Amino acid sequence: MKNQALDGPKQRMKVFVTRRLPPEGQKLLSKSDLDVQQWDSDDVIPKEELLKGIEGADGLLCLLTDTIDKEVVDAAGPKLKVISTLSVGFDHLALDEIKQRGIKVGSMQHLSTDVTAELAVTLLLTTCRRVPEAMEEVRNGGWKTWSPMWLCGYGLSDSTVGVMGLGRIGLGIAQRLKPFGVKRFLYTGIPPCLKSVEELKAELVSTEKLAEESDFVLVSCPLTPETAGLCNKDFFQRMKKTAVFINTSRGPVVNQEDLYQALVTGQIAAAGLDVTTPEPIPTDHPLLTLKNCVILPHIGSATHGARNAMSVLAVNNLLKGLAGEVMPGGIEL
Ligand SMILES: O=CC(=O)O
């Protein structure tokens with residue numbers, strides 16, 4: 001039998017959490033026997049606080065707003081075993097550095113798929129039917145009479161929709177758009193399961209062809225070196241003048257200068273963005289002066305249910321990873 005007095009008290013594992021969590025995740029975390037140190041705020045943790053806080057930690061629970069680079073993993077030291085991110089995307093993590101150190105990573109997998117796909121459809125309909133502009137006209141007295149061509153936009157019926165990245169979210173978007181009478185689905189990226197492709201009759205095409213033939217382009221691919229800046233001048237020049245562009249993935253997939261030019265010169269009809277570079281987009285940014293550009297503050301997964309479930313999964317990833325068990329949202333590095 002072990003003698004507690006001789007062994008000394010068992011040291012609790014230290015975890016550092018970079019933000020206040022949604023209530024359900026916070027509750028689960030408080031019940032754990034971990035030594036939890038937390039940036040107890042709704043604001044982004046300053047880098048120097050992150051570097052201090054993570055020192056000697058066994059686990060880290062972070063957000064997509066925290067850049068976990070070499071400096072941060074070095075500051076953590078050799079005990080760091082698990083990084084759990086409260087996000088689907090993991091482009092904010094220096095995966096090569098993390099992999100080298102044998103650190104396990106957990107993310108959200110499927111949890112925010114439905115709500116993010118819903119938001120993409122919301123943003124598409126809002127943008128292509130010019131809803132914010134129409135609301136503004138009601139408020140500012142611009143509504144004089146019913147007028148045949150006033151505030152006309154574009155409808156989905158009989159259209160061609162191009163989805164860049166037909167992963168879980170991209171597929172969720174396409175499945176939700178199908179009942180609107182979309183005639184043809186095009187996609188780029190890795191093909192999903194055969195059954196889904198057959199159900200949608202989706203065609204795998206080149207990025208160029210997707211730009212040229214789509215009435216609506218929706219970006220839902222991860223940010224990688226291959227996708228950074230993919231939607232640029234050439235891409236927008238290929239799009240139809242009547243086409244609408246939607247991005248709900250990551251801001252840097254789009255060259256914003258080129259998008260601005262495309263919108264100002266009428267090269268494309270409109271754009272809806274839930275993600276920008278940087279975030280938040282500065283309030284004096286030229287894109288915010290355009291009526292044909294709808295911008296949301298990165299709210300793809302922002303429902304009470306999804307964010308609570310995500311926080312529970314993030315804490316479970318941390319607990320399981322630290323216990324040496326399989327993380328429910330573990331990612332292959
Ligand atoms: O963008 C949101 C996420 O990655 O969860």
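R130 lies in the loop between α6 (113-128) and α7 (helices, H or I of at least four residues, and strands, E of at least two, are DSSP runs numbered from the N terminus). The model is predicted: local features need pLDDT of at least 70, side-chain atom pairs count only at pLDDT 80 or more, and totals for chains, interfaces and linings use all residues. Residues are numbered from 1 along each chain as its sequence is written, and side-chain values use heavy atoms, with hydrogens and water left out.

R130 is not a glycine, yet its phi is positive, at about 55°. Its relative accessibility is 28%, so R130 counts as partly exposed (buried means under 20% relative accessible area, exposed over 50%, partly exposed in between; 1.4 Å probe, protein chains only). D158 also has a positive phi without being a glycine; the value is near 65°. D158 sits in the loop between α7 and β6 (160-164). At 55% relative accessibility, D158 counts as exposed.

## Strand β1 and its partners

Strand β1 spans residues 14-17 and is covered on both faces. K14 and F16 are buried on one side, V15 and V17 on the other. β1 runs parallel to strand β2 (residues 35-38), joined by four bridges (strands pair if DSSP finds at least two bridges between them). V15 has V36 of β2 as its bridge partner. From β1 the chain passes through helix α2 (residues 23-31) to β2, in a right-handed β-α-β crossover (with the strands pointing away from the viewer, the path from the first strand over the helix to the second runs clockwise).

β1 also pairs with strand β3 (residues 59-62), in the parallel sense, over three bridges. Here V15 stands opposite G59.

## The seven-stranded sheet

An open sheet is built from seven strands in the order β8-β7-β6-β9-β10-β11-β12, with parallel pairing. β8 (203-204) and β12 are the edge strands; each has a single partner, so one side of each has no neighbour in the sheet. Inside that order, five bridges link β6 to strand β7 (residues 184-188), again parallel.

## Two cis peptide bonds

The bond from T277 to P278 is cis, with omega near -10°. E279 and P280 are also joined by a cis peptide bond, and its omega is about -5°. P278 is in the loop between β11 (270-273) and β12 (293-295). P280 lies in the loop between β11 and β12 too.

## A nonpolar surface patch

V138, W143 and W150 form a nonpolar patch on the surface. Together they have about 340 Å² of accessible area (Shrake-Rupley method, 1.4 Å probe; for residues, only the protein chains shown count as cover). V138 belongs to helix α7 (residues 131-139). Patch residues have over 30% relative accessible area and no salt bridge; like charges are joined within 9 Å, nonpolar side chains (Val, Leu, Ile, Met, Phe, Trp, Tyr) within 5 Å. A salt bridge is a side-chain nitrogen of Lys or Arg within 4 Å of a carboxyl oxygen of Asp or Glu.

## Annotated domains

An unreviewed UniProt entry gives residues 15-328 as "domain: D-isomer specific 2-hydroxyacid dehydrogenase catalytic" (positions follow the numbering used here, feature names are shortened, and annotations may be inferred rather than shown by experiment). In the model, residues 15-328 are 36% helix and 14% strand, with end C-alpha atoms 18 Å apart.

The UniProt annotation "domain: D-isomer specific 2-hydroxyacid dehydrogenase NAD-binding", from an unreviewed entry, covers residues 122-300. That span is 31% helix and 15% strand, and its end C-alpha atoms lie 10 Å apart.
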